[in-house]
Structure formats: C-alpha cells, structure tokens
Amino acid sequence: MNIKKYRLALAGIFLTLVGITMNVNAEETAIEWAPFIKSSGVTDEQLIAAANSLNSDFLIKQKGFIKRELIKKNDHEYADVIYWETKTDAVIAGDKVSTCVKCNEYFKLMVMDAKSGEGFSHYIILKSWKH
C-alpha cells in the first residue's frame, strides 16, 4: 500500500460519539467515510475508549470538524463517519494524522493490511432532510 493511500486510510479512521452543533450549509458539508476491521480480541469498550481519547486530543481541535459517528455492521466491521465543514478541512486534518499519537493508538486496534482503508472516501452532501 502506498504512503498516500495509507495516510488517507488513517485520516479516515477517526471517531467520536460527541457532536458539535453548528450552523452549516448542507451543500458545503463534507462527509468522510472510513470503514475498518477491528482486530480480534479488541472489545467495543476498548475501541470506544481509544476513540474518545483521539477525539478529545486531536479531532475536536481540527478546523471544520462538526461531528463524528462510530458505526458497527457486525462484530468485525466498523466505520467512522465524520462530518466536516468542507472537504478541504477534512483533507488538511488527514495530513496531520501521521504525527498524532492518539490516532496511532486507535489504529493499533484495527487490522492494517493491504485492504485497510478500502472504501475510504469523502462525499459532499447533495441534499439533506430533517424531521
């Protein structure tokens, strides 16, 4: 896996269950989709604890960060869904991941093989509806 793809994969693997309410134009908001496989033997509680630490030490300090959701498909497959004010904000934050100690501690709880980061990407909200 080349370094750029690895860094992008790492950039996408953020978390938190903390949301920040902001007035953001939905047409400009970027969504970062970062699927990953949890390492065997790692509990959800361990994953959440590391994610909380990463969030408070790194993510909430990044320009444009809105909120993050850690979602679970089954006992192995998870994804971080991160909302940013702009795609540029997401990319800039991703460039800082390699020097983030808490990020690397979180990543150690994940399977990091040739398929790691597959499916990682950024989306722009085309239209949003609320109840």
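Two strands count as paired if DSSP finds at least two bridges between them. Strands (E, at least two residues) and helices (H or I, at least four) are DSSP runs, numbered from the N terminus. The model is predicted: local features need pLDDT of at least 70, side-chain atom pairs count only at pLDDT 80 or more, and totals for chains, interfaces and linings use all residues. Residues are numbered from 1 along each chain as its sequence is written, and side-chain values use heavy atoms, with hydrogens and water left out.

**View 1. The open sheet of four strands.** The strand order is β2-β3-β1-β4, with antiparallel pairing. The edge strands, β2 and β4 (121–124), each pair on one side only. From one strand to the next the twist averages 20°; axes are lines fitted to C-alpha atoms, for helices over the stretch in contact, and angles run from 0 to 180 degrees between N-to-C directions. Eight bridges join β1 (residues 30–37) to β3 in the antiparallel sense. Ala34 has Asp80 in β3 as its bridge partner.

**View 2. Helices α2 and α3 on the sheet.** Helix α2 (residues 44–57) lies across β1, β2 and β3 and runs at about 170° to β2. Helix α3 (residues 87–95) packs on the sheet and touches β1, β3 and β4, where contact means heavy atoms within 4.5 Å. The direction of α3 makes about 160° with that of β4.

**View 3. Aromatic pairs.** The whole structure holds four aromatic pairs. Rings of Phe, Tyr and Trp (its six-membered ring) pair if their centres lie within 6.5 Å; planes under 30 degrees apart are stacked, over 60 edge-to-face, and the rest tilted. Phe65 and Trp84 form an edge-to-face pair, 5.7 Å centre to centre with 70° between the planes. This pair links distant parts of the chain, with Phe65 in β2 (residues 65–72) and Trp84 in β3 (residues 77–84), 19 residues apart. Both Phe65 and Trp84 are buried (under 20% relative accessible area, 1.4 Å probe, protein chains only; exposed is over 50%, partly exposed in between). The pair of Tyr106 and Phe107 is tilted, at 6.2 Å centre to centre and 45° between the planes. Tyr106 and Phe107 are buried. Ring pairs link Phe36, Tyr78, Tyr106 and Phe107 into a cluster.

**View 4. Lysine charges over rings.** A charge sits over a ring if NZ of Lys or CZ of Arg is within 6 Å of the ring centre and within 35 degrees of the ring normal. The charged end of Lys67 sits over the ring of Tyr83, 4.8 Å from its centre. Over the ring of Trp129 sits the charged end of Lys127, 5.9 Å from the ring centre.
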